[in-house]
Amino acid sequence: MKIFFLCTFSIFLLSAFEQAAASAHYDKILTHSRIRARDQGPNVCALQQVMGTKKKYFSTCRNWYQGAICGKKATVLYECCPGYMKMDGTRGCPAVAPIDHVYGTLGIVGATSTQEYSDISKLREEIEGRGSFTFFAPSNEAWEQLNSEIHRNLIDNVNIELYNALHHHMVNKRMLTKDLKNGMTLVSMYNDQKLLINHYPNGVVTVNCARIIHGNQIATNGVVHVVDRVLTAVGNTVQDFIEVEDDLSSLRAAAITSDVLDILGKPGHYTLFAPTNEAFERLPRGVLERIMGDKVASEALVKFHILNTLQCSEAITGGAVYETLEGNTVEIGCDGESLTVNGVKMVKRKDIVTSNGVIHLIDQVLIPDSAKQVIELGGAQQTTFTELVAQLGLTSSLRPEGQYTLLAPLNGAFSDDTLRMDQRLLRAILQNHIIKVKVGLNELYNGQELETIGGKLLRVFVYRTAVCIENSCMVRGSKEGRNGFIHIFRQIISPAEKTLHEMLKNDKRFSVFLSLVKAADLDDVLSRPGEWTLFVPTNDAFKGLTDDDKAILIRDKNALRNILLYHLIQGVFIGSGFEPGVTNILKTIQGGKLYLKTVNDTLLINELKSRESDLMATNGVIHVIDKLLYPADVPVGNDQLLTILKKLIKYIQIKFVRDSTFKEIPLTFYNPSITQLTKLIEGEPEFKIVREGETITKVIHGEPIIKTYTKIIDGRPVEVTEKKVTEERIIQGPEIKYTRITAGGSDNEENLKKLLEEEVTKVTKFIEGDGHLLEDEEIKRLLQGAGTEYTKVTKVIEGEPQIIEREIKEVHLEEAPVRRVPPRRTQGGAARRRTRLAHS
């Protein structure tokens with residue numbers, strides 16, 4: 001906690017200086033170190049030293065809190081901050097270090113080897129004299145680590161080689177760390193060679209990838225920064241290095257094939273993780289040939305090895321994620337002295353500095369997802385799925401030039417029973433997890449249907465925090481490959497095969513509930529297409545219910561419907577689609593509310609546990625419960641019903657308000673399919689099949705509509721014929737709803753009604769351009785044989801047609817006395833409108 005407070009306090013303290021020195025990360029980290037060491041006395045800085053090495057860092061809060069650098073434990077050291085020194089008998093570092101010329105300052109900061117070489121190379125006179133210099137002075141350890149042959153050549157030719165090498169470490173003006181901006185290039189005092197500066201957010205400052213380990217030691221004629229290695233000359237471009245390096249011939253071929261090599265010859269700040277020839281040889285031959293033969297894949301592969309930022313190895317003190325030119329990311333970290341890529345030690349040689357970047361040689365080829373086949377995208381948690389796909393011969397279905405989506409269940413989704421299944425059944429299951437098209441996560445939408453290579457249609461359900469396909473929901477980890485996507489799922493996907501009604505009928509556990517559904521005339525709801533969520537009580541929920549009790553329930557159909565429809569919700573809600581621990585309030589068809597949430601992978605409905613959830617039907621989903629649900633806010637007004645409900649429901653207190661009644665719930669909440677015929681008085685019907693998504697506005701012009709009825713005029717019955725010419729605009733929607741039959745004569749009407757009741761499923765809609773009934777010959781004969789008495793009209797509407805304009809053009813009344821007007825009847829006893837409706 002103390003560490004956290006120090007980090008937080010130091011950040012707050014520094015915020016006042018951020019605008020003045022926005023890029024001076026080194027100075028900010030140094031200030032953090034002073035704050036951490038303030039208990040040690042004035043001007044003391046806290047450093048971390050990697051155990052087993054001499055490497056020391058002014059650390060970030062992250063490294064300090066972890067007590068480690070590059071995964072290795074770090075001990076804490078306390079030293080005088082740059083520019084200060086100790087005094088005998090006092091705490092801390094109260095004295096200011098003496099200011100001397102650059103040569104003398106080399107001794108003050110402990111760079112005695114550089115000081116000695118400056119002396120023997122005749123550089124001393126220059127750096128003791130007038131001027132303003134910046135000297136990036138290698139530490140004594142840096143000289144010791146220099147290649148022995150290079151070191152010997154410098155010492156053997158001190159007046160030229162050593163002198164020039166030291167000049168290469170100098171700039172002819174004073175540059176403090178705050179002046180060393182990230183990405184800047186300085187010109188050295190030797191042959192105008194470049195010095196590449198990088199200033200990282202973690203406070204590390206590098207010069208040609210050498211880290212400044214002691215900065216800002218002011219001299220009278222400049223400033224000295226101690227660096228951890230002898231600076232090497234900057235080569236040409238990254239492209240130039242690849243073209244001449246024999247060990248990178250395979251990478252060179254891939255870069256040329258993909259037209260990426262030229263990019264690495266342009267100005268920039270690149271980091272290339274360059275696979276050696278040996279790394280390419282480790283790839284399976286088929287994989288390498290496929291990638292090299294596919295320009296898109298080879299381009300993705302090469303770009304996946306390139307960062308658009310320059311990352312020197314000494315700047316990496318912990319794991320960080322970087323975006324590649326390919327577009328995906330890699331994690332660059334360190335393990336002691338080694339660099340890691342995606343957590344793996346693979347860097348053989350690091351920090352090859354060029355004029356436009358840095359190169360690290362690696363012994364593995366990094367293959368991005370975008371260069372992989374979709375089956376290769378499976379990770380460690382999907383090995384069961386990918387191995388089964390290969391074993392059962394489905395890999396051949398995934399052609400490289402095709403487009404697919406794999407719905408890969410986690411390994412734990414495959415039970416032992418599933419794995420022991422007949423291979424033909426298992427193959428069919430796996431086929432239901434391969435979609436024929438390439439569909440990304442952001443292309444999925446609620447209500448979407450996806451066809452599998454097995455011919456099944458899978459439904460997509462999108463919720464606030466989840467995307468589900470049938471009974472299974474996704475987990476994070478979707479990937480896009482060269483020929484498809486892979487999405488990860490918690491469970492094996494089970495496509496629906498039966499309706500809700502069929503599922504209840506085939507499961508004896510639900511026999512009591514199903515009998516009540518039938519008694520309430522609700523079985524049709526569960527049989528027809530739709531999207532429902534049904535909470536089904538098992539027979540255990542009705543223990544103690546006698547036949548008499550059941551008869552009482554059935555007699556009060558309105559009460560029974562209220563109770564049953566409290567178990568039904570419009571829409572499909574998968575249990576695993578709910579955000580864990582969060583209550584979801586859903587309105588039932590009855591009108592009351594259900595409170596749903598998932599806790600420890602268990603679905604709770606009004607705090608009652610679902611014994612089995614996510615049983616998928618073609619028209620919804622079933623969640624099994626062992627208690628009858630009841631809306632707590634709805635009172636009961638009947639003593640008998642109250643007694644029955646108290647037998648079944650003990651987890652809530654049911655309200656009793658004498659003589660209160662349940663509200664009537666009309667069955668208009670779903671659209672039953674009714675087949676009828678409509679009699680036309682005059683004219684021929686017009687038909688047109690309206691395709692999905694179309695909206696038709698029909699204008700009917702000028703055809704007369706004739707009504708004949710009887711009026712009593714002066715005590716005499718008179719038959720009146722009313723003739724109207726109208727113009728109507730009727731908006732019709734895209735869904736074919738029903739065909740209506742009506743008749744004028746009672747006998748024929750009864751015959752039609754009987755036929756329709758027996759053969760209703762055989763009456764079909766008119767197909768475009770086809771004006772007769774196709775399947776039911778008896779109805780066809782009856783219609784045709786009756787002359788103009790009956791006509792079949794297919795209404796193509798969504799809801800009822802909406803008349804948006806009507807204008808009556810002319811009305812004629814003709815009167816004639818009649819002896820008797822026979823009564824006319826229509827189906828259902830309703831008054832018959834003898835009007836002509838033409839629909840198209």
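Student: What makes strands β29 and β30 a pair?

Tutor: Three bridges join β29 (residues 532-537) to β30. Two strands pair if there are at least two bridges between them. Three bridges therefore qualify β29 and β30 as a pair. The two strands run antiparallel. Note that this is a predicted model.

Student: Which residue of β30 is the bridge partner of W532?

Tutor: Q570 is the bridge partner of W532.

Student: Why is β30 called an edge strand?

Tutor: Look at the strand order: β30-β29-β35-β34-β33-β32-β31. The seven strands form an open sheet with mixed pairing. β30 (568-570) pairs on one side only, as does β31 (584-587), and these are the edge strands. From one strand to the next, the twist averages 30°.

Student: How do you know that D549 is buried or exposed?

Tutor: Take its relative accessibility, which is 9%. Buried means under 20%. D549 therefore counts as buried. The residue is found in helix α21 (residues 547-555).

Student: What makes the link between the side chains of D549 and K647 a polar contact?

Tutor: The distance between them is 2.8 Å. The cut-off for a pair of N or O atoms is 3.5 Å, and one atom must be able to donate a hydrogen and the other to accept it. The D549 and K647 side chains are joined by such a contact. Leaving aside neighbours within four places in sequence, D549 is also in contact with G544 and I644.

Student: Which residues have the most contacts inside the largest nonpolar core?

Tutor: They are L504, F542, L568, I622, Y630 and F669, in a core of 48 residues. Helix α19 (residues 511-519) gives the most to this core, with six residues. A second, separate core has 28 residues, including I242, Y270, F280 and A297.

Student: What does F542 touch?

Tutor: Not counting residues up to four places away in sequence, F542 touches V512, F513, L516, P537, L628 and L648.

How values were computed:
Residues are numbered from 1 along each chain as its sequence is written. This is a predicted model: local features need pLDDT of at least 70, side-chain atom pairs count only at pLDDT 80 or more; totals for chains, interfaces and linings use all residues. Side-chain values use heavy atoms; hydrogens and water are left out. Helices (H or I, at least four residues) and strands (E, at least two) are DSSP runs, numbered from the N terminus. Buried means under 20% relative accessible area, exposed over 50%, partly exposed in between (1.4 Å probe, protein chains only). Contact means heavy atoms within 4.5 Å. Axes are lines fitted to C-alpha atoms, for helices over the stretch in contact, and angles run from 0 to 180 degrees between N-to-C directions. A nonpolar core is a set of buried Ala, Val, Leu, Ile, Met, Phe, Trp, Tyr and Cys residues joined through side-chain atoms within 4.5 Å.
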